[in-house]
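User: Hi! I would like to learn how to read helix packing and chain contacts in a model. Could you walk me through this one?

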Amino acid sequence: MRMSMRIKHVVVLLAMAGLLGAGMGTAAARADGVPVAYNYSFWGDTVSSPAPYLPAALLNGRDLGVGPFKEPNDLFVTADGDIYVLDSGNNRIVVLDRQLQPASVIDSFVRDGHEDTFANPQGIFVTDDKEVLIADTGNRRIVHLDRQLHLVKVIESPESELLPANFVFQPVRIAADKAQRLYVLAVGVFDGFMEFNADGTFTSFIGANRVRVDPVELFWKRISTREQRSRMVLFVPTEFTSLDMNEEGFIYATNGDQWGETIKKLNAHGNDILRREGYFSPRGDIRYTASAGPSRLVDIDVADSEIYSVLDAKRGRIFTYNGDGHLMYVFGGLGNKRGEFNTPVAIERLGDDFLVLDKALGEITLFQVTEYGSTLNEAVRSYYRGDEERAVELFRKAVDMNANLEFAYSGIGKALLRQGKYAEAMQYFKLSMDQRNYSKAFQLRRKEVLREYLPAVLSAAMAVTAGLLLLKKLRKMLRRKGAATLE
Amino acid sequence: MSKALVRFPFYLIFHPFAGYWELKYEQSRKANLIVSFAILVLMAATNILSSQYSGFVVHLYNPDDMNSLMEIVYVAVPVLFWCVANWSLTTLMDGEGKFVEIFASTCFALIPMIIIRFPWIWLSNAITLQEAAFYYFSESVAVLWSLYLLFVGNMTVHQYTPAKTVGTMLLTVVAIGFLAFICLLFFSLLQQIVSFVTVIYQEISLRY
């Protein structure tokens, strides 16, 4: 069944490619070099979509004049557009300005009057005040520098009864909220993120992943002896792979699981509050071959208006979702062409553009937003701000460019619903397969229709009944009269 | 005559014991068969219309997966399987029913699934998500009613005790599983034979 459907899809795709080729005089790939992106329909089919982002530039250390990057691991872009590249292999941080020109290189700091350096740092975070936090993994510490790059504090092996005695602190990713609390992703910590106070003391863990228990393995564990059990694999929660923080201080995190929810939005209690109202819960690719497996998410970047993007290291794709969990667009891929990567490790938004860091090649690809991408971004933003008229206008424009964009119809429908155009809204909700909102629109439409026609219908019914009763009475009277005359 | 033809099924679903008795001993076989086939046709029609016209709040359908011919098969094949399996079992288990009677009783049991679900095809277009509970409730009522009729029909046609009827019905389901398996095996073997013969023909025709 599944197989035959695949074949059917292939046939349809081939037929479509043929039509396209016939229509535009090109082969299956577009002649203008625009890679065709995809999205997922309500039914889980892959549907084509215009490219949301196109590669615009390739940055590497040599061209920038700072020497080649060596296994860079992380990237951070501040609100005003400064780019911090964590060049792990060279134990330094290269800062680029908005024009992508090198501004400075941080490779050491002064601690207690001595020069100190980094050792294979893995994570970087820059606060709004441009204070730099570095997960100095090789030195097993976190380094906090102020905006003049003077040392503020160093957090070294935290002590707590929550931590085992032989705990080795190896921070790899780091984020800070507005209250200067630090959230640290450390190697070998299965209890979630480590939370540190502003003064650098360890307070607690937050947002542990769930343990998945394999029933078969559980059965074998049940019937094995303690000796055997001690040699078996433990059921431990998986580690996170990355984190980012949005403006409101919520942590967005990804984990490398092959099952369950791989993207989470954690509140202060560590509860997952990510909205999953889309056609599929956000987790990267939903169609994949059994041998390739699902997406392995390694980085996440939150933009404004609850838009967030995740990076799939397995297939090198970047998936962007809106706050409701609808897949907005997908781009990227593994390969040798421009706009494709070898080992992507980090993504960051630079305004509406994207930076993707490739670890093995030591390159950063700059993706510039296309008209389609920016229309969609703006539409989602306008809707989030509550500017519905603009949102409808932009969603309509996006739909004109990509009729397959089902969730956009829902956006148009919601605005129409609020404007009181219920019948029209119903149409759009039907297109986006949004039963709940369709039902809402329908209820209001029904009320409207009833209010319009019910009085007339009821009056007519009443008039007819009254008329019939009168007729009956008249007949009776006439009959009685007739009877009387007969007598 | 034709009036009785229409009226009898309605009498049967409200008075199943008396109705099935009449079906087995008093009604003409021809009349029963005519009504049975009519019910099957109506059932298939209801399913087809339902998959196309049911309200959006209770029914999402993928146009790619719509196939009216398959809807007919989904009605005809289960009924056929049920009847064959039931007949095969009951002949061995002292059932008094003939195949025609089993077939008719099964078809008559489907009536609630038509008369309840057909109006709901149109009604479901006029309900909201909150009111959809009524829709699902009616669907369940239809199914339970049909199951009850199937039970009574089986009991009356074969002159079984209630416990034996339940047992037979469960065994019938198992037998359907076997039937399906054997059918699958048969067709797969047939396919292999056909491909074997065609390959030999190809071989020969290419050589000489």
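**Reading a helix pair**

Analyst: Happy to. Helix H5 (residues 371-385) of chain A and helix H6 (residues 388-401) of chain A have axes that come within 8 Å and cross at roughly 150 degrees. Keep in mind that this is a predicted model.

User: How do I read the angle between H5(A) and H6(A): what orientation does it give?

Analyst: Angles over 145 degrees count as roughly antiparallel. H5(A) is therefore roughly antiparallel to H6(A). The crossing of the two is left-handed.

User: Which residues make that contact?

Analyst: On the H5(A) side they include A:Tyr372, A:Leu376, A:Ala379 and A:Tyr383, and on the H6(A) side A:Ala391, A:Leu394, A:Phe395 and A:Met401 are among them. Sorted by class, the contact has 9 nonpolar, 2 polar and 4 charged residues.

User: And between chains, how many residues does each side give?

Analyst: Chain A gives 9 residues and chain B gives 6. The side of chain B that touches chain A has 4 nonpolar, 2 polar and no charged residues.

User: Where does UniProt place the feature "transmembrane region" in chain B?

Analyst: The unreviewed UniProt entry places it at residues 31-49, 69-87, 99-122, 134-157 and 169-190. Residues 69-87 of chain B are 100% helix, with end C-alpha atoms 27 Å apart. Residues 169-190 of chain B are also 100% helix, and there the end C-alpha atoms lie 31 Å apart.

User: Finally, how is chain A divided into domains?

Analyst: Domain 1 covers 1-33 and domain 2 covers 47-369. Their centres, taken over C-alpha atoms, are separated by 37 Å.

Technical notes
Residues numbered from 1 in each chain as written. Chains lettered and ligands numbered in written order. Predicted model: local features only at pLDDT ≥ 70, side-chain atom pairs only at ≥ 80, totals over all residues. Domains from an automatic or database assignment. Axes fitted to C-alpha atoms, helices over the stretch in contact; angles between N-to-C directions. Helix = DSSP H or I, 4+ residues; strand = E, 2+ residues; numbered from the N terminus. Parallel < 35°, antiparallel > 145°, perpendicular 65-115°, else oblique. Left-handed = near helix turned anticlockwise from the far one by under 90°. Contact = placed C-beta atoms within 7 Å. Nonpolar A, V, L, I, M, F, W, Y, C, P; charged D, E, K, R; others polar. UniProt positions renumbered as here; feature names shortened; annotations may be inferred.
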